[in-house]
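Student: I have this one open in the viewer and would like to go through it piece by piece. Could you take my questions as they come?

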Amino acid sequence: MNIDAALLEGIVKKVMSRIDAEADGAFDSLGIFEKMDDAIEAAAAAQRKYLDRSMADRARFVEAIRAVATNEENLAFMSKSTVDETGMGNYEHKLIKNRLAAEKSPGIEDLTTDALSGDDGLTIVEYSPFGVIGAITPTTNPTETIICNSIGMLAAGNTVVFSPHPRAKKVSIWLVRELNRALAAAGAPENLIVTVSEPSIENTNIMMAHPKVRMLVATGGPAIVKTVLSSGKKAIGAGAGNPPVVVDESANIEKAAKDIIDGCSFDNNLPCIAEKEVIVVDSAADYLIFNMKKQGAFEVKEPEAIERLAALVTKDGKSPRTEFVGKSAKYILEKAGIAAPDDTRVIIMETKEEHPFVQVELMMPILPIVRVDNVNEAIDMAVRVEHGNRHTAMIHSRNVDSLTKMAKLIQTTIFVKNGPSYAGIGVGGMGHTTFTIAGPTGEGLTSAKTFARRRRCVLVGGMDIR
């Protein structure tokens with residue numbers, strides 16, 4: 001989808017005028033509350049009403065959410081607004097991600113029923129709602145996470161209280177309002193989706209402790225995931241990753257180079273699934289780098305320049321500097337005083353395994369390359385630098401034994417073979433999508449059934465027709 005600048009500016013002005021009117025009290029709250037306690041109480045009351053609605057109703061409400069998120073004006077507005085408010089990523093890729101979340105997040109069809117019948121009667125096992133879910137959303141994928149979580153959580157019969165990242169407050173609140181507007185038009189109870197007007201750590205803590213919040217879902221860094229897992233509630237953690245990509249001598253090197261640059265550069269490397277470091281067999285390394293350059297990679301060779309970059313974008317080589325997360329390769333190079341072509345997509349350089357660019361998840365289009373003697377060394381290193389996050393990893397190889405060995409050893413939630421990282425969430429690869437990838441707690445790519453309880457219903461002595 002391409003929208004010219006004048007049309008996009010008109011869309012933004014049109015939507016902003018409505019936001020300003022709502023801020024002046026021209027509309028109902030549409031799911032926005034001043035106090036977190038009030039938001040939770042409203043969601044709890046809504047969930048009790050929601051229990052009486054049919055599965056057909058749930059399906060209709062999910063379609064209403066999809067319609068909001070795929071509306072061309074809404075897509076353009078929230079994609080541009082996210083970039084403007086957070087300073088991260090790029091508009092074209094936000095369009096793709098928001099549409100993906102709306103179209104490929106499973107709805108009620110995910111809630112399958114198991115049945116067992118015999119001499120003792122009939123037993124069915126079905127998915128049932130938890131109740132009120134508290135969902136913490138990140139600054140990296142704020143609208144995408146709200147879209148896919150709303151679809152899955154409402155499909156499962158829950159209501160949801162969102163606690164957005166404060167640096168994505170405006171666009172998150174706008175989206176919650178738009179979803180509630182559409183749900184009301186579809187005949188849904190009010191306040192199925194709620195949030196607060198001033199997201200904060202304090203409000204998040206209130207949400208996590210509230211007795212009417214039955215499940216917590218955190219999408220973010222290690223700190224917030226650890227906090228949620230220590231809450232004493234049922235919790236789903238979608239945490240950090242540091243995805244390695246292995247390339248061996250049997251790979252289609254030209255395709256591997258394109259896939260790696262496409263995946264690494266997507267939304268300026270914001271997705272946690274994106275390629276963060278390359279480990280390549282030495283005999284294939286030169287040709288891989290040559291082809292990566294053809295795909296828009298800019299190689300920094302001088303050791304002094306590499307270290308200058310590291311000092312610029314990391315805090316003592318231990319964590320990324322927030323001001324460079326999600327920035328373009330060209331922007332980062334300019335700040336480092338390095339001239340590069342305007343079409344530069346990714347910054348590459350050769351390093352050792354211990355370098356901060358390999359060890360630290362940067363979420364920037366900076367891609368270190370480490371040479372090794374053979375694929376077994378590459379796989380072992382990939383396991384080490386993934387740090388046990390069990391998030392995402394990639395390999396480019398035609399050797400079935402190598403593909404199998406890495407799959408078993410790396411133990412990541414997503415493992416992509418011979419494709420870009422985003423194939424793992426349904427872009428050019430089979431399967432549904434999500435922006436809540438629960439590696440730490442093991443649910444994997446979340447969907448409606450993730451946000452539901454398994455319940456057994458037993459009828460004794462009847463309903464067997466065999």
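Student: Which residue of strand 6 is the bridge partner of isoleucine 32?
Tutor: In this model, which is a predicted one, isoleucine 32 has threonine 195 of strand 6 as its bridge partner. The two strands concerned, strand 1 (residues 32-33) and strand 6, run parallel and are joined by two bridges.

Student: And how many bridges are there between strand 5 and strand 6?
Tutor: Two bridges, again in the parallel sense, pair strand 5 (residues 159-163) with strand 6, and valine 161 is the residue that stands opposite valine 194 there.

Student: Which way do the strand 6 side chains point, and are they buried or exposed?
Tutor: Ile193 and Thr195 point one way from strand 6 (residues 193-196), while Val194 and Val196 point the other way, and all of them are buried.

Student: Changing topic, what is the strand order in the seven-stranded open sheet?
Tutor: The order is 11-12-13-10-9-14-15, with parallel pairing. At the edges are strand 11 (297-299) and strand 15 (414-417), each of which pairs on one side only. On average, and with direction ignored, neighbouring strands of this sheet are turned by 25° against each other.

Student: How do strand 9 and strand 10 pair?
Tutor: Strand 9 (residues 244-247) pairs with strand 10 (residues 277-281) in the parallel sense, over four bridges, and within that pairing proline 244 stands opposite glutamate 277 of strand 10. Packed on the sheet is helix 11 (residues 282-294), which touches strand 9, strand 10, strand 11, strand 12 (346-350) and strand 13 (366-372). The direction of helix 11 makes about 135° with that of strand 10.

Student: What does the side chain of asparagine 242 make a polar contact with?
Tutor: Its partner is the side chain of glutamate 277, at 3.3 Å. A polar atom of the asparagine 242 side chain also lies 2.9 Å from the backbone oxygen of valine 385. Asparagine 242 sits in the loop between strand 8 (234-238) and strand 9.

Student: Why does asparagine 242 count as buried?
Tutor: Its relative accessible area is 1%, and buried means under 20%, so asparagine 242 falls on the buried side of that cut-off. Leaving out residues up to four places away in sequence, asparagine 242 touches a set of residues including Lys276, Val358, Val360, His387 and Asn389.

Student: OK, on to the nonpolar side chains. Which residues touch the most other members in the largest core?
Tutor: That core has 85 residues, and the ones touching the most other members are Leu192, Ile193, Val247, Val278, Leu288, Met292 and Ile425. Helix 7 (residues 169-185) gives the largest share of the core, eight residues. As background, nonpolar side chains in soluble globular proteins tend to be buried together.

Student: What does methionine 292 touch?
Tutor: Not counting residues up to four places away in sequence, methionine 292 touches Ala257, Ile260, Ile261, Val278, Ala297, Ile348, Leu367 and Ile369.

Student: How many aromatic pairs does the structure hold?
Tutor: There are five. In one of them, tyrosine 50 and phenylalanine 61 have ring centres 6.1 Å apart and planes at 35°, so that pair is tilted. Tyrosine 50 belongs to helix 2 (residues 36-50) and phenylalanine 61 to helix 3 (residues 55-70), so the pair ties together parts that are eleven residues apart in sequence. Both tyrosine 50 and phenylalanine 61 are buried.

Student: And what about the rings of phenylalanine 77 and tryptophan 174?
Tutor: Their centres are 4.7 Å apart and their planes at 55°, so this pair is tilted too. The pair links distant parts of the chain, since phenylalanine 77 is in helix 4 (residues 72-86) and tryptophan 174 is in helix 7, 97 residues apart. Phenylalanine 77 counts as buried at 2% relative accessibility, and tryptophan 174 is buried with a relative accessible area of 3%.

Student: Last one, where does valine 225 lie?
Tutor: Valine 225 lies in helix 9 (residues 222-229) and, at 4% relative accessibility, counts as buried. Leaving aside neighbours within four places in sequence, valine 225 is in contact with Ala218, Gly220, Gly237, Ala238, Gly239 and Pro440. Valine 225 and alanine 240 are 15 residues apart in sequence, with a C-alpha to C-alpha separation of 9.0 Å.

Technical notes. Residues numbered from 1 in each chain as written. Predicted model: local features only at pLDDT ≥ 70, side-chain atom pairs only at ≥ 80, totals over all residues. Heavy atoms only, no water. Pairing = 2+ DSSP bridges. Axes fitted to C-alpha atoms, helices over the stretch in contact; angles between N-to-C directions. Contact = heavy atoms within 4.5 Å. Buried < 20%, exposed > 50% of the residue type's maximum accessible area, 1.4 Å probe, protein only. Polar contact = N/O pair within 3.5 Å; in protein donor to acceptor, adjacent residues only side chain to side chain. Core = buried A, V, L, I, M, F, W, Y, C linked by side-chain atoms within 4.5 Å. Phe/Tyr/Trp six-rings, centres within 6.5 Å; stacked < 30°, edge-to-face > 60°.
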